[in-house]
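Please find below a colleague's note on the model. It is set out as numbered points for checking against the coordinates.

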Amino acid sequence: MDLTRRRVTGALAALPLLPALGACAPRGDAGLTVWAMGNEAASLPDVLKDMKRPAGAPRVTIQPLPWTAAHEKLLTGFAGGSLPVIGQVGNSWIAEMAAIGAIAPVPAAVHGLLDDQFAAVVDTNRIAGQVWGIPWYVDTRLQYYRRDLFARAGYAAPPSDWAEWKRALRKVKATAGNGNYAALLPVNEYEQLTTLALSAGARLLRDDGGRGAFSDPEFKAALAFYKSLFDEGLAPIVSSAQISNVWNEFARGYFSLFLSGPWTIGDLGTRLAPAMQDKWGTAPNPGPAGIGSAAPGGSSLVVFADHRGNRAAWDLIARLLTPDAQLHFNALTGDLPARRSVWARAGLATDPVVAPFATQLDHATALPKVPEWERIVTEMQIVAERMVRGQYGVDEAAREIDVRADRLLEKRRWMLDKGRAL
Amino acid sequence: MTGLRRTEEARAGWAMTGPALAAILVFFVLPAAASLFLSFTDFDIYALADIGNLRFVGLQNYQRLVENPLFWKAMTNTLLFVAIGTPFVVLLSLFAAMLVNSRWLRWRPVWRVALFAPYVTTLVATAVVWRYLLHTRYGLVNYLLSLFGIAPIDWLGSPTASLPAILLFVGWKTFGYNMIIFLAALQTVPRELDEAARIDGAGWLARLRHVTLPAIAPTVLLVSVLTVAAMFQLFAEPYVMTQGGPAQSTVTILYFMYEEGFKWWNLGSGAAVAFLLFLCILAVTLVQLRLAKRGGAI
């Protein structure tokens, strides 16, 4: 056969078909594929290396996802039927994944892993009487404050009830100097208002998650308190995009208090000057009477629905939840362990900056467990921002949030009527 | 005899266009019809789990879009991109094409390759480089501006500067392709006409206006139609550079559709956006064609 130009061209044109031959290869042994995100995915191989697993246990493959694309990836994975066996799922996504039937409930045999955990975190994963994921690491948001500036105003720490807390903020603001404020509550972030609402005991949704309950007196109290912080000039009306560097502004004294999660401990440690290091602290959130609440966060480990009977998968999750593995994981990532006994062993319970997180998690409340929640809070904050900027009064804003939430929940009400919603 | 010939010819014609028509049917007409149908349903994550949860909602998706301020914000942003971006890209590519077509330029093939290179480089890789170029403190762009005493601009962080920043990037990325089209057209302009005009005493601008531009008018139309369509479909650039931010100043209509469809999984609503976008592009293209016809370009 002569190698004519035409034949060579034909062969080259057929090259793209080569990968199709891959389908003829035998399927590899059924290993365990794990989808994990960011920092956690980077540390998992190390944790697995030190882990004792039974002989013949399936090989584990870690596939890292970036946090920014993880949520979409999980949903497209479900739509395309390409979810792996085990996944790390943000606790706030559990309701959605359970509602569409993407994840398997935790079998009774491994319920022991839920002991020795924070009740509010486990409650986040409990939907329709079943638990859908094992909390792996936890977080929540509480206040970071400038110890020196609060001390100058006459307070060792921010007081824990609202009236006293606001009085302290007024004094901090008075001593902060011109152009500075007491607290930072970016008007485009919903976490601050959500925290206040949970602290006030608001239920947020009613009728089995079918309608908004934003006109309840508890939520209105939180909304009014939120508005008053801006009206009294204790917090600047800025969005987070306008604060280019939160740590710098915190160090400069532009504000003396802000809400954030445990990841900020590391950020402040590396970004603030050494002289600033003993000048900041953490404290649980304030409430109407005593310590307030917060939304529990973190990630859970789930087994996806197609693999519900996979014993090796649950065995691997159980091993990742052992105190030794949790301790190792905490050392690698700095994530707060889900198991309480590990807190003492890791020295977290006595660390003055970390210990308030345990207190806050004991006072945490699960957010409504409906798939539409993230859209609802996004709308809530759009209305709240307009209220702060003077477009709405408190009652009007509450009514408007209810209207928007009810519109988003229309499909869910239909599902509830048909008995199809979880 | 001739009648038989004609049917045979027709059959051969159908046979030869058949594969292309089938591809258009399968990959364009059917998906377009399906997405039009989808836009009248409330396909969401519940329907994803069980198709029995799908409801026919008529025009509700469209009605909600019209009420959604973010949709209008995305629409305004996109129209800004089209209104500013199209002339910018067309002028830039025409200028580049004339540059590499001019006889006094040396190393013309090298220039052509260099100017065409941005178009064929990976978008994400160039976006990373441009993010450095546009960096507020270390960026080359701000450094060059500082030579003229202009204060640093937070290109990707300020709601007013982000749109020009993206446009700059898009212009740089896409002008090479249009340049090639213009170059092909410029080379068909008879040199005699140009020389005759020069002998008659026409300056550079007069020759451009009365000789070159009339000769390449159909190409200008083609390029502007392509650019308008591309500007309406701007997605990857804001997605990799700004994620729609800051303050939603770079949310384009396609980015909005992506978020509706794949972030919130409201595929019904996403399909409605797609259909509205289709109507917009169609309308603008028809207007352009009408204008071109009146101007005698085609």
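This is a predicted model: local features need pLDDT of at least 70, side-chain atom pairs count only at pLDDT 80 or more; totals for chains, interfaces and linings use all residues.

1. Residues are numbered from 1 along each chain as its sequence is written, and chains are lettered from A and ligands numbered from 1 in the order in which they are written.

2. Chain A falls into domain 1 (2–140 + 296–350) and domain 2 (142–294 + 370–417); domain bounds come from an automatic or database domain assignment. Over C-alpha atoms, the centres of domain 1 and domain 2 of chain A are 32 Å apart. Eight residues from domain 1 of chain A and eight residues from domain 2 of chain A form the contact, where two residues are in contact if their C-beta atoms, placed from the backbone, lie within 7 Å.

3. On the side of domain 1 of chain A that touches domain 2 of chain A, helix α4 (residues 94–99) of chain A gives the most, with three residues. Helices (H or I, at least four residues) and strands (E, at least two) are DSSP runs, numbered from the N terminus. By class, this side of domain 1 of chain A has three nonpolar, three polar and two charged residues. Ala, Val, Leu, Ile, Met, Phe, Trp, Tyr, Cys and Pro count as nonpolar, Asp, Glu, Lys and Arg as charged, and the others, Gly among them, as polar.

4. Chain B has 13 helices and zero strands. Its C-alpha trace spans about 80 × 75 × 35 Å along the principal axes. Of the 298 residues in chain B, 30% are buried, meaning that 20 or more other C-beta atoms, placed from the backbone, lie within 10 Å of the residue's own.

5. The contact between the chains takes 15 residues from chain B and 14 residues from chain A. On the side of chain B that touches chain A, α2 (45–49) and α12 (253–263) of chain B each supply at least two residues; α2(B) gives the most, with four residues. That side of chain B has nine nonpolar, three polar and three charged residues.

Definitions and conventions
A residue is buried if 20 or more other C-beta atoms lie within 10 Å of its own, exposed if 12 or fewer, and partly exposed in between; C-beta atoms are placed from the backbone.
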